[in-house]
Amino acid sequence: MVKIISAAAAAAMIKPKARIAIGGFLAVGAPETIIDAMVELGVQDLHMIVIASDWENRGVGKLVVNHMISSAQVSHLGTNKAIQAQMNAGEIAIELVPQGTLMERVRSFGAGLGGVLTPTGLGTVVQEGKQIIAIEGKDYILEPAIASDFALIRAHKADKMGNLTYRKTARNSNPIMAMAGKITIAEVDEIVETGQLDPEDVITPGVFVNYLVLSKENNNGAR
Amino acid sequence: MAQDKRAMIGARIAKELKDGDFVNLGIGLPTEAVNFIPAGVHVVFQSENGMLGVGPSPETGTEDQDMINAGGGFITALAGASFFDSATSFAIIRGGHIDITVLGALQVDAQGNLANWMIPGKMVPGMGGAMDLVTGAKKVIVAMEHCDKNGNSKVLKECSLPLTAKGKVSVIITDMAVIEVSRQGLVLKEIAEGLTIDEVVKATAAELNIPEVVKYF
């Protein structure tokens, strides 16, 4: 059953060397309350799996600025100068992964698959060192699943079974990351009684969710 | 680039869009096209962070923090819009369900190769969704300045930067020309008003095939 915990308690579970998959796209749909609690604790040497490194003062950018991330699998760094500087200084090891491939590799882990075959990256540096497999005459790159210890996600409403709904483009990678955490912690705007969510509206079934954290802020003003 | 040149490229991109197309426009220059969609042409814009049916920017004061496009800009939803997760978004993209994608480029070459995600040792923003878009979209259009800041052609015999995808570009739209990528190489289809074919050829590092009729745009 799902437990409701504080952001500080969520952050305290995450130890050095943990692999954390984090939802959000350019900080929209990022679990800001949990991230802030992590920054307060300052645990270092984390591996981050995320679509983009966000901004220095928003989303996972805050973990980067505070030197908590030692390696990352990410598709886009362009909005965060700190991560590019740390990469150039050799402080952080980056594997750049095409965004669609990143999603499928994360989803694979959550879905019990070893990986996926994708044409994305053929003829580019992305295919270097990887196995190429032909299916009915077409080449694909074998992209292995990406494992994570924790998934930290942001949703809109949760019921006490951990069923989740999302809001607009804040959904993005969250339902995918949610599937892939050995432990999944969802930060939500509101926790309602079981039965108050229409099962038709549930995007992430509670089976994927272990802990709920109430969001402390509406940094998303229009909620 | 001057606004009039940006608008000219935007207007020319818009001519490529057909009624009923599902379209993904890259950040920056390609989005200029939204201002020039011809009357009677209805296209559905996708944003790879998880939305179809992207509408115009909201009026100041009505922005919703949970409504952004892939560049982080605020957007609205048109009637018929839908939201979905990132894996579904890239299933749409990679699975061939997007008719046209328009992207910027650092370099593009005569084989239809595209480089737009890194300059080794200088700038590594990452590929984001670009590799999936270029791989999966039915038609890939590059929209860019013809030359870089130093006046060097960005249309090359062969890309020197790390590729985004191999052989996927079909049309190149610049402030100087519209170039088609064919099996026989690059074909100069149109030139900008006020230029001569010679000027475009001189500004282009790749070899251009010149058909009998080259139109102005």
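Predicted model: local features only at pLDDT ≥ 70, side-chain atom pairs only at ≥ 80, totals over all residues.
Residues are numbered from 1 along each chain as its sequence is written, and chains are lettered from A, with ligands numbered from 1, in the order in which they are written.

Chain A has a secondary structure of six helices and 11 strands, where helices (H or I, at least four residues) and strands (E, at least two) are DSSP runs numbered from the N terminus. Its radius of gyration, taken over C-alpha atoms, is 17 Å, close to the 17 Å that the globule rule (2.2 Å times the number of residues to the power 0.38) gives for 223 residues, so chain A is as compact as a globular protein of that length. Along the principal axes, the C-alpha atoms of chain A fill a box of roughly 50 × 45 × 30 Å. Of the 223 residues in chain A, 53% are buried, a residue being buried if 20 or more other C-beta atoms, placed from the backbone, lie within 10 Å of its own.

Where chain A meets chain B, the contact takes 38 residues from chain A and 31 residues from chain B, two residues being in contact if their C-beta atoms, placed from the backbone, lie within 7 Å. On the side of chain A that touches chain B, β4 (69-76), α5 (99-110) and α6 (174-180) of chain A each supply at least two residues, and α5(A) gives the most, with five residues.

In chain B, strand β11 (residues 177-182) and strand β12 (residues 185-191) run antiparallel and are joined by six bridges; strands pair if DSSP finds at least two bridges between them. A hairpin leads from β11(B) to β12(B) through two residues, and B:V178 stands opposite B:E190 in β12(B). β12(B) also pairs in the parallel sense, over two bridges, with strand β13 (residues 208-209) of chain B, where B:N209 is the bridge partner of B:V187. Between β12(B) and β13(B) the chain crosses through helix α4 (residues 197-202) of chain B, in a β-α-β crossover that is right-handed, meaning that, with the strands pointing away from the viewer, the path from the first strand over the helix to the second runs clockwise. Strand β14 (residues 215-216) of chain B is likewise parallel to β12(B), over two bridges, and B:K215 in β14(B) stands opposite B:E190.

Terms used
Buried ≥ 20, exposed ≤ 12 C-beta atoms within 10 Å, placed from the backbone.
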